[in-house]
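Work through the exercises below with the sequence and the structure open. Try each task before reading its solution.

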Amino acid sequence: MTESFYTIPGAPHLALLSDLHNRDYKPAIKSVQRRKPGIICVTGDIIYGSAPEGDVSPLVAQPNALALLRACAAIAPTYVSLGNHEWMLDQQDLVSMRATGAVVLDNSWEERDGLVIGGLTSGYVMRQRRRLADMPAEELAKRRYHDRGGIASMLKTPAELLLERVPDDDWLIPFAATPGYHILLSHHPEYRRLVPKGIELMLSGHTHGGQWRFFGRGAYAPGQGVWPKLTKGVYDGRLVVSAGLSNTAPVPRFFNPTEVVYVRG
Ligand SMILES: [Fe+2]
């Protein structure tokens, strides 16, 4: 694991952690303890998998996820947004996440010392909520962790999936209008097109650095395809993308170490 350092004028000293996917959280925590950022931002995908396993919360089945949040919150104020894998979580799981001391930003924002910190929930999560909202109550009660929507949805065409996986961006307007320095946690960097100009800093992950990096470019990223544009680093002076904390692919990462990212003003 490496550490990456970026300077963005006006930004507070912060750590960006992304895409733990239930892997070992301790190397990242050691880094954060050493660097002492003022706040810690976790941009989602703390869990892994395309469907829940058994009749148990993924947060129970995958204990590193909550352990990461607990360890972060013990070091500095910690803010978390929801990534695509978090579609498997429900409201009770968000309560468990908040019990670690971390602030879960689920299409919402909080103010702190002149900062306005928001979290844009993945469109995958929103799609699942829409599906569950349409489901009869008795069906819902049976399905808590047995829903196989993630796999069934693969039978749809990419265009259909894109239309379904739409984030809720309405709240970004009042968020941007709230006075202060705005930090938006958005697991997906490709949501950049939705982000109003008044937001000074957007933090993302999801790409795993493009898995293989050649001449500073990633080879593939979910949501962006082959030779993606946004994989790791700073874009337009306001979007910071982390290459993430884990490898989940069946192939190794090439020239693409996992990383904790630090931003300073
Ligand atoms: Fe992701």
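The model is predicted, so local features are taken only at pLDDT of at least 70 and side-chain atom pairs only at pLDDT 80 or more, while totals for chains, interfaces and linings use all residues. Residues are numbered from 1 along each chain as its sequence is written, and side-chain values use heavy atoms, with hydrogens and water left out.

**Exercise 1. The metal site**

Find the residues that coordinate the iron ion, and describe the arrangement of the donor atoms.

Solution. 

Step 1. Donors are N, O and S atoms within 2.8 Å of the metal (3.2 Å for Na, K and Ca); water is not among the atoms, so sites may look incomplete.

Step 2. The iron ion is coordinated by OD of Asp45, OD1 of Asn84, NE2 of His187 and ND1 of His206, at 2.1 to 2.2 Å. Along the sequence, the spacing of these donor residues is D-x38-N-x102-H-x18-H.

Step 3. Helices (H or I, at least four residues) and strands (E, at least two) are DSSP runs, numbered from the N terminus. Asn84 is in the loop between β4 (78–80) and α4 (91–98), and His206 is in the loop between β9 (201–204) and β10 (213–214), so this pair ties together parts that are 122 residues apart in sequence.

Step 4. Check the angles. Four donors count as tetrahedral if all angles lie between 85 and 135 degrees; four count as square planar and six as octahedral if opposite donors are over 155 degrees apart and all others between 65 and 115; anything else is irregular. Here the four donor atoms subtend angles of 86 to 177 degrees, so the arrangement is irregular.

Step 5. Check accessibility. Buried means under 20% relative accessible area, exposed over 50%, and partly exposed in between (1.4 Å probe, protein chains only). Asn84 is buried at 10%, and His206 is buried at 4%.

**Exercise 2. Aromatic rings**

How many aromatic pairs does a search of the whole structure find? Describe the pair of Phe5 and Tyr262, then that of Trp171 and Phe175.

Solution. 

Step 1. A pair of aromatic rings is described by the distance of the centres and the angle of the planes. Rings of Phe, Tyr and Trp (its six-membered ring) pair if their centres lie within 6.5 Å; planes under 30 degrees apart count as stacked, over 60 as edge-to-face and the rest as tilted.

Step 2. The search finds five aromatic pairs. One of them joins Phe5 and Tyr262, with 5.5 Å from centre to centre and 20 degrees between the planes, and is stacked.

Step 3. Phe5 belongs to strand β1 (residues 2–7) and Tyr262 to strand β16 (residues 259–264), so the pair ties together parts that are 257 residues apart in sequence. Phe5 is partly exposed at 47% relative accessibility, whereas Tyr262 is buried at 2%.

Step 4. The ring centres of Trp171 and Phe175 are 5.2 Å apart and the planes are at 55 degrees, so this pair is tilted. Trp171 is buried at 9%, and Phe175 is buried at 0%. Together with Trp109, these two residues form one aromatic cluster.

**Exercise 3. Single residues**

Is Leu120 buried or exposed? Where does Gln211 lie?

Solution. 

Step 1. Leu120 is in strand β7 (residues 115–120), and is buried at 1% relative accessible area.

Step 2. Leaving aside neighbours within four places in sequence, the residues in contact with Leu120 include Trp171 and His187.

Step 3. Gln211 lies in the loop between β9 and β10. Its phi is near 65 degrees, a positive value in a residue other than glycine.

Definitions and conventions. Contact = heavy atoms within 4.5 Å.
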